[in-house]
There are 2 protein chains.
Amino acid sequence: MARGQAARYRFESRGDGRSPVCYHEKMTTGHIFIATSLDGYVARRDGELDWLMKQKTDGEEHGFAALMEAVDGLVMGRGSFQNVLSFGDWPYIKPVVIMSKSLTPEDIPDHLRDKVRLSSQEPEALMQALDEEGWKKAYVDGGKLVQSFIRAGLVSDITLTRIPILIGEGLPLFGSINQDIDLEHVSTESFASGLVTSKYRII
Amino acid sequence: MARGQAARYRFESRGDGRSPVCYHEKMTTGHIFIATSLDGYVARRDGELDWLMKQKTDGEEHGFAALMEAVDGLVMGRGSFQNVLSFGDWPYIKPVVIMSKSLTPEDIPDHLRDKVRLSSQEPEALMQALDEEGWKKAYVDGGKLVQSFIRAGLVSDITLTRIPILIGEGLPLFGSINQDIDLEHVSTESFASGLVTSKYRII
């Protein structure tokens with residue numbers, strides 16, 4: 001289990017009179033689904049996504065819908081939240097937690113009050129709280145959040161889609177870590193558009 | 001054709017009496033075959049490759065032998081040269097050009113004099129010279145060289161193998177460029193070891 005990751009034990013009967021099996025169960029796990037340029041950026045320095053939006057991916061299913069189905073909710077940063085708000089219609093059905101120390105409840109538009117809430121907690125405390133609410137899986141979105149959740153050992157898997165373009169500079173997906181993190185390659189799929197999606201489990 | 005890339009024209013008979021076809025033919029093309037950590041580094045800051053060497057890839061063929069077969073020779077920087085020298089036996093059969101402004105002929109060991117030569121030329125001038133010698137394809141090796149050859153528009157394709165590990169910091173494969181570079185995804189293959197190799201053409 002990754003360093004810093006909270007854990008609990010679950011005992012389950014075998015149904016045959018023998019002593020129950022002890023499962024080592026992780027807390028709410030973080031799941032990342034994100035696209036980067038081939039040189040590893042999630043956005044240009046100013047947040048611009050033109051290089052991503054211009055890709056012709058009509059009819060392709062890169063796995064986002066399946067992940068959305070599997071998670072109990074989303075955790076995102078202020079930047080991602082404001083980005084999503086700028087799109088107009090709110091795209092998420094599941095509950096969303098915005099991690100921010102600067103936003104206040106007044107920053108949440110009225111029509112989103114039942115879907116979106118704020119948290120000023122640190123990643124570990126938040127995941128602990130979500131676990132107590134019954135969340136098993138959380139989709140973790142946003143460049144900075146991804147880095148801090150990885151560093152805290154709260155990420156279970158990363159689904160990374162490589163866009164076939166070099167943009168030279170921008171906001172990197174990955175940041176510094178305290179020690180190497182070995183990954184287990186789960187699957188890779190390439191698409192007619194040139195996008196390549198690989199899923200890795202953190203081990 | 002990429003910015004800065006030299007070109008020539010070749011006329012070829014159709015064999016049916018009609019006027020010959022004019023082919024727009026590139027000069028010697030640069031080909032990259034390199035591995036990076038999932039976070040995009042070719043080596044740790046001090047050049048260390050322990051994270052790469054520990055991968056268990058026995059029996060896997062990631063395409064290097066086929067590339068070596070296809071190229072007329074290799075172009076590498078001083079750092080890569082000294083790295084290869086440190087391995088002991090010289091692994092290359094084809095001619096190698098070391099791009100360096102600081103090395104002198106005395107730095108080439110005697111037993112490599114017929115296989116290795118130095119060039120202090122800039123990338124474009126070197127590729128022009130290699131073209132005049134009849135080289136069609138050159139394998140371009142080494143982190144810094146890859147960046148300068150891409151910037152100069154001298155690279156035709158990139159075969160990139162992703163190692164399933166995050167190392168947090170190191171020497172990045174890609175660097176700044178003057179403008180976005182669109183890539184065409186050619187193929188992707190994943191291996192039992194967890195390595196994923198993708199080939200891209202620069203368009």
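1. Basis. The model is predicted, and local features are given where pLDDT is at least 70, side-chain atom pairs count only at pLDDT 80 or more, and totals for chains, interfaces and linings use all residues. Residues are numbered from 1 along each chain as its sequence is written, while chains are lettered from A and ligands numbered from 1 in the order in which they are written.

2. Chain A overall. Chain A holds five helices and 13 strands, where helices (H or I, at least four residues) and strands (E, at least two) are DSSP runs numbered from the N terminus. Of its 203 residues, 33% count as buried, that is, with 20 or more other C-beta atoms, placed from the backbone, within 10 Å of their own. Among contacts in chain A with a separation of 6 or more, 66% join residues 24 or more positions apart, a contact being a pair of residues whose C-beta atoms, placed from the backbone, lie within 7 Å.

3. Helix 3 of chain A. In this helix, residues 78-86, the buried residues are Ser80(A), Phe81(A) and Val84(A). They lie on the same side of helix 3 because they cover an arc of only 100° around the axis, the arc being that of the directions from the helix axis to the C-beta atoms. Their cover includes strand 5 (73-77), strand 6 (96-99) and strand 8 (137-141) of chain A. Just after the helix, Gly88(A) takes a positive phi of about 105°.

4. Helix 5 of chain A. Here, over residues 143-151, the buried set consists of Gly143(A), Leu145(A), Val146(A), Phe149(A) and Ile150(A). This set covers an arc of only 160° around the axis, which puts it on the same side of helix 5. Gly153(A), which follows helix 5, has a positive phi near 70°.

5. The contact between the chains. In all, 25 residues of chain B are in contact with 25 residues of chain A. On the chain B side, strand 12 (181-190) gives the most, with seven residues.

Technical notes:
A residue is buried if 20 or more other C-beta atoms lie within 10 Å of its own, exposed if 12 or fewer, and partly exposed in between; C-beta atoms are placed from the backbone. Two residues are in contact if their C-beta atoms, placed from the backbone, lie within 7 Å.
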